[in-house]
Amino acid sequence: FLPVPLPSVPPPAPHTCQGLAPCLPNEGQVNTSGPRLLLATLHPASGSSAAMDRIFSALLPSLLLLLQSYGACGAPPQPRGTLCRTKPTDLVFIIDSSRSVRPNEFEKVKVFMSQVIEGLDVGPNSTRVGVINYASAVKNEFSLKTYQTKAGLLQAVRKIEPLSTGTMTGLAIQFAISRAFSDSEGARVSSPNFNKVAIVVTDGRPQDGVQDVSARARAAGIEIFAIGVGRVDMHTLRQIASEPLDDHVDYVESYSVIEKLTHKFQEAFCVVSDLCATGDHDCEQICISTPGTYKCACKEGFTLNSDGKTCSACSGGLGSALDLVFLIDGSKSVRPENFELVKKFINQIVDSLEVSDKQAQVGLVQYSSSVRQEFPLGQFKNKKDIKAAVKKMSYMEKGTMTGQALKYLIDSSFSVINGARPGVPKVGIVFTDGRSQDYITDAAKKAKDLGFRMFAVGVGNAVEDELREIASEPVAEHYFYTADFRTISKIGKKLQMKICIEEDPCECKSIVKFQTKVEDLINSLQR
């Protein structure tokens with residue numbers, strides 16, 4: 001047997017198969033890594049015996065099947081967002097550097113601007129960036145025409161210094177209309193292909209009017225995003241921002257977390273040609289891309305659920321016995337409108353369960369300065385009743401006693417008297433948006449020591465160290481964070497797949513059987 005080199009071919013496009021999913025190579029796709037040499041060593045040299053030819057003929061179909069499986073699933077998946085290119089945009093940052101913004105906080109704003117710029121396609125025919133710095137007066141740090149490279153922009157941002165006087169937000173927006181977005185400063189006014197976008201960052205109440213000047217800016221075709229920090233006046237932000245306000249108004253409690261909004265703005269400037277390839281879809285298993293949209297499908301052995309997104313296994317899976325308790329932060333910082341999104345997040349996960357006495361049971365606990373059981377495990381016997389009870393849950397407000405809530409979960413929620421079933425896996429999902437006002441370490445450790453599988457979901461100002469302390473091992477699979485309540489549905493989608501306790505045997509057995517068969521064939525060939 002002689003090694004026979006294969007002709008050089010381009011590497012395959014990365015696949016989108018997940019886990020143990022059976023997947024096939026694209027048309028014309030050849031894998032050039034992994035077992036390629038194995039196939040070459042099977043090629044008999046000239047003059048080989050007829051017996052060897054028969055062995056080769058018998059082994060080749062099985063080994064080709066092995067190679068086909070490796071060729072489709074052996075390549076690493078393409079990172080999210082690599083197919084994203086940014087829209088050609090004239091982008092102007094309008095940055096508040098008044099007295100209330102401390103120097104170290106202003107550095108955080110510069111980091112945020114730099115991270116947004118990093119995600120842009122910068123160039124004279126792509127995106128151009130300008131920065132307006134304001135306090136009592138307005139300073140044009142650099143205009144849209146000043147820098148034509150990303151490196152030049154980033155260097156210029158690093159040199160910006162705070163002005164440290166008043167807060168003339170209206171004056172800064174007027175400057176953007178009359179100067180920053182003018183043709184003389186590099187704005188592409190006459191071309192409809194270039195969007196005009198302003199991102200306003202402020203932390204206080206303006207000392208001048210913003211409503212009329214913001215309306216003029218929007219009428220001039222400028223799309224305005226308003227970011228408020230700390231004690232900002234939310235009414236002012238809504239007067240500034242473009243419609244829909246849900247997409248254009250953002251709030252963070254401090255400058256220390258403003259950079260968490262970076263991903264939102266990177267996506268806002270992104271033109272997506274393939275939603276499946278970039279991961280911007282709700283499919284649990286297989287995403288099939290179509291122009292401008294997508295549809296979902298399931299792997300072999302699974303069926304598509306009525307929601308058109310999730311899949312049910314042929315046995316086991318999300319239909320397995322499970323006691324699941326949600327531990328939900330109802331503190332004042334969540335805000336009523338976001339609390340409604342949290343309730344939708346809960347019901348999104350409930351939708352993926354098979355609820356019954358013998359399968360999944362769901363309990364719900366809300367906490368703030370105190371702990372309140374909304375309903376215990378087993379009170380409701382079907383998804384419809386659970387979802388109705390979740391929708392009726394009232395918002396507690398007040399503080400954030402996460403440690404007390406974890407202790408309640410251990411002592412009460414997973415007790416037999418509250419509906420927990422002995423011998424059934426216990427799963428807790430803790431949802432919070434801020435730092436706990438009490439000690440969580442002992443309770444978090446005890447929950448995991450008792451064998452509870454703990455998931456930690458954080459939003460906004462949630463503290464990552466606390467979330468990691470709550471989460472089970474491996475922490476990376478049990479801990480989730482997003483800066484924006486409006487994106488928690490994406491976390492819900494991931495949790496739907498992870499809370500399954502029992503592995504689906506339908507795929508595993510067939511894969512092990514096939515692997516054993518191939519190993520036996522290779523051993524025979526070696527002999």
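## Aromatic pairs, ring-facing arginines and a disulfide

Phe-112, Phe-225 and Phe-265 form a cluster linked by ring pairs. The model is a predicted one. Across the whole structure, a search finds 7 aromatic pairs.

One of the pairs is that of Phe-112 and Phe-265, whose ring centres are 5.9 Å apart and whose planes meet at 75°; the pair is therefore edge-to-face, since planes over 60 degrees apart count as such. Phe-112 belongs to helix H3 (residues 103–118) and Phe-265 to helix H9 (residues 262–268), so this pair ties together parts that are 153 residues apart in sequence. Phe-112 and Phe-265 are both buried.

Another pair is made by Phe-345 and Phe-431. Their ring centres lie 5.4 Å apart with the planes at 50°, so this pair is tilted. The pair links distant parts of the chain, with Phe-345 in helix H11 (residues 336–350) and Phe-431 in strand E16 (residues 426–432), 86 residues apart. Phe-345 and Phe-431 are both buried.

Two arginines lie over the faces of aromatic rings, as tabulated here.

| Arginine | Ring | Distance from ring centre |
|---|---|---|
| Arg-188 | Phe-194 | 3.8 Å |
| Arg-335 | Tyr-251 | 4.6 Å |

The structure holds 1 disulfide. This bond joins Cys-283 to Cys-296, with an S to S distance of 2.0 Å. The torsion about the S-S bond of Cys-283 and Cys-296 is about -80°, so the disulfide is left-handed. Cys-283 sits in the loop between helix H10 (275–278) and strand E9 (286–290), while Cys-296 sits in strand E10 (residues 293–297), 13 residues apart. Cys-283 has a relative accessible area of 3% and is buried. Cys-296, at 13% relative accessibility, also counts as buried, because the limit for burial is under 20% relative accessible area.

The remaining values describe the chain as a whole. Its secondary structure comes to 17 helices and 18 strands. The chain has 527 residues, of which 46% count as buried. Of the contacts between residues at least 6 apart in sequence, 74% join residues at least 24 apart.

Technical notes
Residues are numbered from 1 along each chain as its sequence is written. This is a predicted model: local features need pLDDT of at least 70, side-chain atom pairs count only at pLDDT 80 or more; totals for chains, interfaces and linings use all residues. Side-chain values use heavy atoms; hydrogens and water are left out. Helices (H or I, at least four residues) and strands (E, at least two) are DSSP runs, numbered from the N terminus. Buried means under 20% relative accessible area, exposed over 50%, partly exposed in between (1.4 Å probe, protein chains only). Contact means heavy atoms within 4.5 Å. Rings of Phe, Tyr and Trp (its six-membered ring) pair if their centres lie within 6.5 Å; planes under 30 degrees apart count as stacked, over 60 as edge-to-face and the rest as tilted. A charge sits over a ring if NZ of Lys or CZ of Arg is within 6 Å of the ring centre and within 35 degrees of the ring normal. A disulfide is a pair of cysteine sulfur atoms within 2.5 Å.
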